[in-house]
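User: I have just been handed this chain and have never looked at it before. Could you walk me through it once it is on screen?

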Amino acid sequence: GYMSAAIGQVLPLAFDPARGANLWRLEASAAVDNVASRRVLERAGFQLEGIARASAIIGGKRVDHARYALLRPDWHAARTAGPG
């Protein structure tokens, strides 16, 4: 709930030139086994670009991270698309 709400507030600030930064691309990552965080990113429109193997240490253990990106045109298209 909280992360979905937060990302819904951040994306317009990142991509809408009338409201914020007018960025072209946002990147995010989540530990591969963190299904909830990955689901939040995917629901927000982020696309999986790959897995960075052993890219972080969590709890003293090396873990893989899923790398995501969201492009401004994809975000705009998703906002203007009707219910599917």
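User: To start with, what percentage of the residues of the chain count as buried?

Analyst: Of the 84 residues, 29% count as buried, where buried means under 20% relative accessible area, exposed over 50% and partly exposed in between, with a 1.4 Å probe and protein chains only. This is a predicted model, in which local features need pLDDT of at least 70 and side-chain atom pairs count only at pLDDT 80 or more, while totals for chains, interfaces and linings use all residues. Residues are numbered from 1 along each chain as its sequence is written, and side-chain values use heavy atoms, with hydrogens and water left out.

User: And what pLDDT does the chain average?

Analyst: The average is 91, and 96% of the residues score at least 70; pLDDT is the predictor's confidence in each residue, from 0 to 100.

User: In which order do the elements run?

Analyst: From the N terminus on they run α-β-α-β-β-α, which comes to three helices and three strands. These are DSSP runs numbered from the N terminus, with helices being H or I of at least four residues and strands E of at least two.

User: Which residues have the most contacts inside the largest nonpolar core?

Analyst: That core has 14 residues, and those with the most contacts inside it are I7, L11, F15, L26, L41, F46 and L70. Helix 1 (2-15), strand 1 (25-31), helix 2 (35-43) and strand 3 each supply at least two of its residues, and helix 1 gives the most, with four. A nonpolar core here is a set of buried Ala, Val, Leu, Ile, Met, Phe, Trp, Tyr and Cys residues joined through side-chain atoms within 4.5 Å.

User: What is L70 in contact with?

Analyst: Leaving aside neighbours within four places in sequence, L70 is in contact with L11, F15, W24, R25, L26, A44, G45, F46 and W75, contact meaning heavy atoms within 4.5 Å.

User: Switching topic, where does R67 lie, and is R67 buried or partly exposed?

Analyst: R67 lies in strand 3, and R67 is partly exposed because its relative accessible area is 39%. Not counting residues up to four places away in sequence, R67 touches A28, S29, Q47, L48, E49, G50, A52 and S55.

User: How far apart are the C-alpha atoms of R67 and A30?

Analyst: They are separated by 6.9 Å, although R67 and A30 are 37 residues apart along the chain.
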